[in-house]
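Dear colleague,

Please find below the structure I wished to pass on to you, together with its sequence. My findings follow directly after it.

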Amino acid sequence: MTNTVLDSPYSRVISQHSFAEVIENLLTKQHSIHSLKSFSKDELICTFSAGGVFSEPDYRTIQMDINRHITLVPGFLQYCNHSCSPNIFFNTTTMEVTALKDIKPNDEFCFFYPSTEFDMAQPFICYCGSRGCLQNIRGAKYTDYNVLAKYHLTDFIKEQLKYL
């Protein structure tokens with residue numbers, strides 16, 4: 001297969017899968033995952049399971065419970081980057097990735113990190129450029145409740161917000 005996402009000398013395909021491919025930006029060394037097909041809003045993209053299970057968060061994990069953070073299987077899902085305007089959701093109750101909006105081939109899969117992370121291991125400044133970008137991404141614990149109300153959140157995050 002050819003690189004369906006970026007025809008640029010500054011990127012290359014790292015891996016291809018049934019519905020997505022992982023791209024490396026050769027300038028920044030950053031990775032991203034892009035769709036190879038169309039998905040409709042609310043459509044199931046794939047299921048996932050736990051690879052490793054850890055008591056502490058890591059930049060490669062998603063949070064399942066207070067002291068339970070998992071790496072994702074299939075492993076290429078770890079390259080889903082953050083956006084303040086996400087197009088996918090990791091449902092940690094059903095272990096499914098679903099489309100939050102229509103996704104076209106070549107679209108980057110992005111999710112809202114505070115939707116799964118209460119207190120992130122590596123907070124960062126977001127430059128997603130979306131309207132209403134939150135900029136300071138630290139986890140749901142540090143995000144205004146009225147802002148969080150606009151997003152799909154895991155059952156775990158919803159439960160934690162009751163205690164704030």
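Two residues are said to be in contact when heavy atoms of theirs lie within 4.5 Å. In this chain, 52% of the contacts with a separation of 6 or more are between residues 24 or more positions apart. Please note that the model is a predicted one.

Regarding the overall fold, the chain contains 13 strands and 2 helices. Its radius of gyration is 15 Å, close to the 15 Å that the globule rule gives for 164 residues, so the chain is as compact as a globular protein of that length. Along the principal axes, the C-alpha atoms fill a box of roughly 50 × 30 × 30 Å.

As to burial and surface, 41% of the 164 residues are buried. The chain exposes about 9100 Å², of which carbon and sulfur atoms supply 49%.

T61 has a relative accessibility of 7%; because buried means under 20%, T61 counts as buried. A polar atom of the T61 side chain lies 2.9 Å from the backbone oxygen of D58. Leaving aside residues up to four places away in sequence, T61 touches F54, H69, I70, T71 and E117.

With kind regards

Methods
Residues are numbered from 1 along each chain as its sequence is written. This is a predicted model: local features need pLDDT of at least 70, side-chain atom pairs count only at pLDDT 80 or more; totals for chains, interfaces and linings use all residues. Side-chain values use heavy atoms; hydrogens and water are left out. Helices (H or I, at least four residues) and strands (E, at least two) are DSSP runs, numbered from the N terminus. The radius of gyration is taken over C-alpha atoms; the globule rule is 2.2 Å times the number of residues to the power 0.38. Buried means under 20% relative accessible area, exposed over 50%, partly exposed in between (1.4 Å probe, protein chains only). Accessible areas come from the Shrake-Rupley method with a 1.4 Å probe; for residues, only the protein chains shown count as cover. A polar contact is a pair of N or O atoms within 3.5 Å; within protein, one must be able to donate a hydrogen and the other to accept it, and residues adjacent in sequence count only if both atoms are side-chain atoms.
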